[in-house]
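Subject: Structure for your review

Dear colleague,

Please find the structure below, followed by an account of what was found in it.

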Amino acid sequence: MGNKKLSTYGELFWSFFKLGALTFGGGAAMISFMSAEAVDKKKWITDEEMLDIVTVAESTPGPIAVNTSTFVGYRAAGTLGSIIATLGTVLPPFIIMVFIAAFFDFFKSIEAINYMFMGVRVGVIALILKAFLKMFSSCKKDAFFYVMFALAFCAVAIFGAGTIPVIISAGLIGLGSVLVSLRRDKK
């Protein structure tokens, strides 16, 4: 195995290990950090590829952070890269959760820690908003985009639709739109 490949594996593990250890708020909060690391800093993927990866990661079972790191790892260094990036992502939270689980009642009783977590929640909301704005700016926007965005938003925000029905419905509507467009072009 070449030194460049070994170096890439090490960078993948360390990059995703740091993300897993230092990003609070779950997968959605990690997306902006993953994008900064994988797109801006390491240049493993492009903005458009990151948007595609997040779309697929959100559409597949499992945590979005793990799915995204798996896809990015694969794009950067193949199958072994995907395994290494995934391990880097899941190892820190696993270790932290084992520690917290052992001392959960103790932590829960400390008022300062409860306030700390309230502050972290606000930061997480800001990180999710940043990821949304970056992905939104990367999308091709036309009338179809805005109609689909409005429909999906209403389905979730007003009617409480779940992730799976919204994603499947949006995908089917997108596919139907392409088929109608192709049929129209043939005429």
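The largest cavity is lined by Ile31, Ser32, Ser35, Asp47, Met50, Leu51, Ala131, Lys134, Met135 and Ser138. Helix 2, helix 3 and helix 6 each give two or more residues to this lining, and helix 6 provides the largest share, with 4 residues. Helices (H or I, at least four residues) are DSSP runs, numbered from the N terminus, as strands (E, at least two) would be. By class, the cavity lining holds 5 nonpolar, 3 polar and 2 charged residues. In this classification Ala, Val, Leu, Ile, Met, Phe, Trp, Tyr, Cys and Pro are nonpolar, Asp, Glu, Lys and Arg are charged, and the others, Gly among them, are polar.

Please note that this is a predicted model, in which local features need pLDDT of at least 70 and side-chain atom pairs count only at pLDDT 80 or more, while totals for chains, interfaces and linings use all residues. Residues are numbered from 1 along each chain as its sequence is written, and side-chain values use heavy atoms, with hydrogens and water left out.

The space in the largest cavity is about 80 Å³, and a search of the whole structure finds 1 cavity of 30 Å³ or more. The search runs on a 1 Å grid over the protein atoms alone: a cavity is a set of points where a 1.4 Å probe fits but cannot get out, a pocket is an open set with protein on both sides within 12 Å along at least five of seven lines, and lining residues have an atom within 4 Å of a point. Grid points are joined across faces, edges and corners, and a volume is the space filled by probe spheres set on the points.

At least two lining residues come from each of helix 2 (27-41), helix 3 (47-59), helix 6 (111-138), helix 7 (143-157) and helix 8. The lining of the largest pocket divides into 23 nonpolar, 7 polar and 5 charged residues.

The second largest pocket holds about 760 Å³ of space. It is lined by 28 residues, and Phe24, Ile96, Met97, Ile100 and Phe117 are the closest to its centre. Two or more lining residues come from each of helix 1 (3-22), helix 2, helix 4 (64-102), helix 5 (104-108) and helix 6. Helix 4 gives the largest share of this lining, 9 residues. By class, the lining of the second largest pocket has 19 nonpolar, 7 polar and 2 charged residues. Ile100 itself lies in helix 4 and is partly exposed, at 23% relative accessibility. Here buried means under 20% relative accessible area, exposed over 50%, and partly exposed in between (1.4 Å probe, protein chains only).

The next topic is the salt bridges, of which the count comes to 5. A salt bridge is a side-chain nitrogen of Lys or Arg within 4 Å of a carboxyl oxygen of Asp or Glu. One of them joins the side chains of Lys42 and Glu11 (3.3 Å, N to O). Because Lys42 lies in the loop between helix 2 and helix 3 and Glu11 in helix 1, this pair ties together parts that are 31 residues apart in sequence. Lys42 is partly exposed, with a relative accessible area of 25%, and Glu11 is likewise partly exposed, at 31%.

Arg75 forms a salt bridge with Glu49, with the closest N and O atoms 2.2 Å apart. Arg75 is in helix 4 and Glu49 in helix 3, so the pair ties together parts that are 26 residues apart in sequence. Lys140 forms a salt bridge with Asp142, the closest N and O atoms being 3.9 Å apart. Lys140 is exposed, with a relative accessible area of 68%, whereas Asp142 counts as partly exposed at 32%.

Yours sincerely
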